[in-house]
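The following note sets out a number of points for a first reading of the model. Please keep the sequence and the structure in view while working through them.

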Amino acid sequence: MTDALASTTLQRGLLSDQIYSMIKGMIKDSSLAPGEQLVESQLARQLQVSQAPVRDALKRLTHEGLVSQVRHLGSFVASYSPEEAAQAKTARVELEALAGRLACGALDEERRGALSTLIAQMHEAAEAADLSRFRELDFAFHRAVIEASGNVYLPRMWDLLEPSLRVMHVLGDPAFTGDWHEVADWHKGLLDVLDGSDAEAASALFRAHAAGTLLNDADPRRGAGAQSR
């Protein structure tokens with residue numbers, strides 16, 4: 001268990017909400033690794049609280065898929081088998097391909113401005129080497145495109161999928177050693193294709209971006225989606 005908890009001071013308010021947000025953040029930034037055990041009594045002792053709010057927080061995280069409850073053993077940061085990882089990636093590829101097709105040509109000025117702002121903030125995070133912030137902006141960008149699809153069911157499907165994507169670092173992979181500014185530029189390519197009128201091209205680019213495949217095409221917008229980030 002990380003020592004980061006020992007130095008945490010909880011503010012007044014609903015303790016379970018604060019503990020939930022704190023543990024979720026530590027899972028997101030890899031301070032808590034997949035498979036690591038989360039012991040209620042130990043967490044409560046480190047945070048100087050009773051076990052009840054810790055238990056409530058872990059229940060919420062379990063519901064979201066970020067924590068797994070193993071009977072007679074306790075709570076663990078969720079981990080996924082290679083097969084489950086492959087299934088999650090396949091689901092993401094198909095979901096984003098559909099969202100790209102539906103959102104193409106449908107962005108209003110407010111939504112386009114919001115996506116453009118997210119890309120600018122990605123560059124700022126890259127400049128500051130703030131991977132945690134970059135990762136959240138990356139998720140926010142893809143979630144915004146899902147919402148821009150206009151299909152009310154796609155955001156619900158994304159909500160089911162996102163916890164596994166976070167745990168497996170499918171977006172904002174800490175192991176990535178390339179240029180994060182380039183990753184931000186890939187998202188500019190995604191936004192550009194949404195501004196066009198070719199829904200199939202948008203679908204193909206989003207599919208390639210999610211799958212991490214390089215489309216050998218002369219159109220630079222399509223090459224921009226070569227990685228899954």
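**Note on the model**

1. Histidine 72 is found in the loop that joins strand 2 and strand 3. Helices (H or I, at least four residues) and strands (E, at least two) are DSSP runs, numbered from the N terminus. Histidine 72 is not a glycine, yet its phi is positive, at about 70 degrees. Most residues other than glycine have a negative phi. With a relative accessible area of 72%, histidine 72 is exposed; the word exposed stands for over 50% relative accessible area, buried for under 20%, and partly exposed for what lies in between (1.4 Å probe, protein chains only).

2. The basis of the note should be stated. The model is predicted, so local features need pLDDT of at least 70 and side-chain atom pairs count only at pLDDT 80 or more, while totals for chains, interfaces and linings use all residues. Residues are numbered from 1 along each chain as its sequence is written, and side-chain values use heavy atoms, with hydrogens and water left out.

3. The protein chain contains 10 helices and three strands. Along the sequence they follow the pattern α-β-α-α-β-β-α-α-α-α-α-α-α. Of its 229 residues, 43% count as buried. The accessible surface is about 11400 Å², and carbon and sulfur atoms account for 50% of this; such areas come from the Shrake-Rupley method with a 1.4 Å probe, and for residues only the protein chains shown count as cover.

4. Contacts (heavy atoms within 4.5 Å) can be sorted by separation along the chain. Among those between residues at least 6 apart in sequence, 67% join residues at least 24 apart.

5. In what order do the three strands stand in the open sheet? The order is 1-3-2, and the pairing is antiparallel. Strand 1 (37–38) and strand 2 (67–70) are at the edges, where each has a single partner strand, so one side of each lacks a neighbour in the sheet. Two strands are said to pair if DSSP finds at least two bridges between them. Strands of a sheet pair through backbone hydrogen bonds, either parallel or antiparallel.

6. The individual pairings can be followed residue by residue. Strand 2 and strand 3 (residues 74–77) are antiparallel and share four bridges; valine 67 stands opposite valine 77 of strand 3, and serine 68 has phenylalanine 76 as its bridge partner. Strand 1 and strand 3 are also antiparallel, over two bridges. Strand 2 and strand 3 form a hairpin, with three residues between them.

7. Helix 1 (residues 15–28) has 14 residues, which at 1.5 Å a residue should span 20 Å; the C-alpha atoms at its ends are 20 Å apart, in agreement. The expected span is 1.5 Å times one less than the number of residues. Since 10 of the 14 residues are buried, helix 1 is largely enclosed by the rest of the structure. Among the buried residues are Ile19, Tyr20, Met22 and Ile23. Serine 30, which follows helix 1, has a positive phi near 75 degrees.

8. Tyrosine 20 also takes part in a contact with a charge: the charged end of arginine 60 sits over its ring, 3.7 Å from the centre. A charge sits over a ring if NZ of Lys or CZ of Arg is within 6 Å of the ring centre and within 35 degrees of the ring normal. Arginine 156 lies over the face of tyrosine 153, at 4.9 Å from the ring centre.

9. Helix 4 (residues 82–103) has 22 residues and should span 32 Å at 1.5 Å a residue; its end C-alpha atoms are 31 Å apart, which agrees. Its buried residues include Ala88, Arg92, Val93 and Leu95. Their cover includes helix 6, helix 7 (153–167), helix 8 (180–194) and helix 9 (199–211).

10. Glutamine 48 lies in the loop between helix 2 (40–47) and helix 3 (51–64). Although glutamine 48 is not a glycine, its phi is positive, at about 60 degrees. Glutamine 48 counts as exposed, at 73% relative accessibility.
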